Amino acid sequence: MVRQMELSGFGGPERLVAREREVPGPGTGEVRIRVEASGVAFAEVQMLRGRYPMQPRFPFVPGYDLVGRITAVGPEVAGLAPGDRVAAMPRTGAWADEVVLPASEVVPVPAGVDSGDAVALVTNGVTAWQLAHRSAPVGPGQTVLVHGATGGVGGLLAQLCRQAGATVVGTASEANQEALRAEGVVPVDYRSPDLTERLRRHAPHGYHAVFDHLGPRSVARSRALLAPGGRVVSYGSAATLRDEGGPLRPYLRMLGGLLWWNTLGEPRLTRRRRVSLYYVRPGRRFREDLGTVLGLLAAGTLTPVVHSRHPMSRAADALRILSRGGVHGKIVLVADQERGT
Ligand SMILES: NC(=O)c1ccc[n+]([C@@H]2O[C@H](COP(=O)([O-])OP(=O)(O)OC[C@H]3O[C@@H](n4cnc5c(N)ncnc54)[C@H](OP(=O)(O)O)[C@@H]3O)[C@@H](O)[C@H]2O)c1
């Protein structure tokens, strides 16, 4: 029997309950993994409030990503063996003591790195890497704006942009301004009444790229801050958590906005300033990029901030903390000691 943390319906963290279930396998092409660490994501807060666009049906086991050790391999699995430590992004199901996944979805974790640090890089690290190196390639001499620059994704993104040689302006709450400064980021409080003016002052000729996780209203402002040829990459709708209406609404608004910003509105400028959407997807490129960011972690080049670690059995505490906000870095669930892991 395997313990899984299950979300039973909309509401608060109290909707999370521990269940024991039989998990068959591994079948052909699958591996069984004992979970050492899994991530707590903003997506789970959105799912609890019915604000996630690809809302799974209740009950389900949340858990976007994990790091763990293979305990058994099924038939026709090559190159993996019991004892290997691997990372994966199943998108749901990782808040469990053990999982069974296709072997094709796992990526080896380098020796010597902590599983909690590694899991902070699975979804968030690949997202940050792909934003900075694929969606809007950042380079020396550029000035870029990272919203939520002390968040799980934003913190890594700010590091990667600085390493690429860019000047990084980052937004965060007042409590996190000093942390940003210490990381070499130009801090701006997102609650400033004159936010747009302040952001403009730091890049009078406009930003080469703006990375925006807040949703359509913010993207409209971000676009107005671009330099000619610049790009806004929108990768979330965090600011719509308390909005009314269905969870798809911000995305439909965003698609309408994209049509206007990129094709119909201001035709003379549209060839020069663009808005694009980003979504992290599993697949070959994801595995390649996960291998890259885990390599950077092992080399000490990319350092995730882990806000706090909680035993899997206390996952509700972790959700509560994330729901309250003001978190600096990633919240991680780790295996319960008493379960012998
Ligand atoms: N598209 C994708 O593939 C993808 C992948 C991963 C994550 N995401 C999305 O990206 C978003 C961020 O995820 P995360 O894990 O990094 O979340 P997180 O760790 O909770 O970080 C969110 C950050 O946003 C900041 N923030 C809150 N309100 C803000 C505002 N009005 N203006 C600017 N910043 C604000 C917070 O700063 P303070 O703590 O200082 O208040 C915090 O640093 C979520 O919406 C998530 O769903 C998308």
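Student: Is Arg309 buried, partly exposed or exposed?
Tutor: This is a predicted model, and the value is computed from it. Buried means under 20% relative accessible area and exposed means over 50%. Arg309 has a relative accessible area of 40%, so Arg309 is partly exposed.

Student: With which residue does Arg309 form a salt bridge?
Tutor: The closest N and O atoms of the pair are 3.2 Å apart. Arg309 lies in strand β14, and its partner lies in helix α2, 192 residues apart. The partner is Asp117.

Student: Is Asp289 buried or exposed?
Tutor: Asp289 forms a salt bridge with Arg134, at 2.8 Å from N to O. Arg134 is partly exposed, with a relative accessible area of 33%. The value for Asp289 is 2%, and buried means under 20%, so Asp289 is buried.

Student: Which helix gives the most to the lining of the largest cavity?
Tutor: The largest cavity holds about 100 Å³ of space. Among the 14 residues that line this cavity, Gly151, Gly152, Gly155, Leu156 and Val305 are the closest to its centre. The helix that gives the most, with four residues, spans 152–163 and is helix α4.

Student: Where does the largest cavity lie relative to the domains?
Tutor: Domain 1 and domain 2 both give residues to the lining. Therefore, the largest cavity lies between domain 1 and domain 2.

How values were computed
Residues are numbered from 1 along each chain as its sequence is written. This is a predicted model: local features need pLDDT of at least 70, side-chain atom pairs count only at pLDDT 80 or more; totals for chains, interfaces and linings use all residues. Side-chain values use heavy atoms; hydrogens and water are left out. On a 1 Å grid over the protein atoms alone, a cavity is a set of points where a 1.4 Å probe fits but cannot get out, and a pocket is an open set with protein on both sides within 12 Å along at least five of seven lines; lining residues have an atom within 4 Å of a point. Grid points are joined across faces, edges and corners, and a volume is the space filled by probe spheres set on the points. Helices (H or I, at least four residues) and strands (E, at least two) are DSSP runs, numbered from the N terminus. Domain bounds come from an automatic or database domain assignment. A salt bridge is a side-chain nitrogen of Lys or Arg within 4 Å of a carboxyl oxygen of Asp or Glu. Buried means under 20% relative accessible area, exposed over 50%, partly exposed in between (1.4 Å probe, protein chains only).
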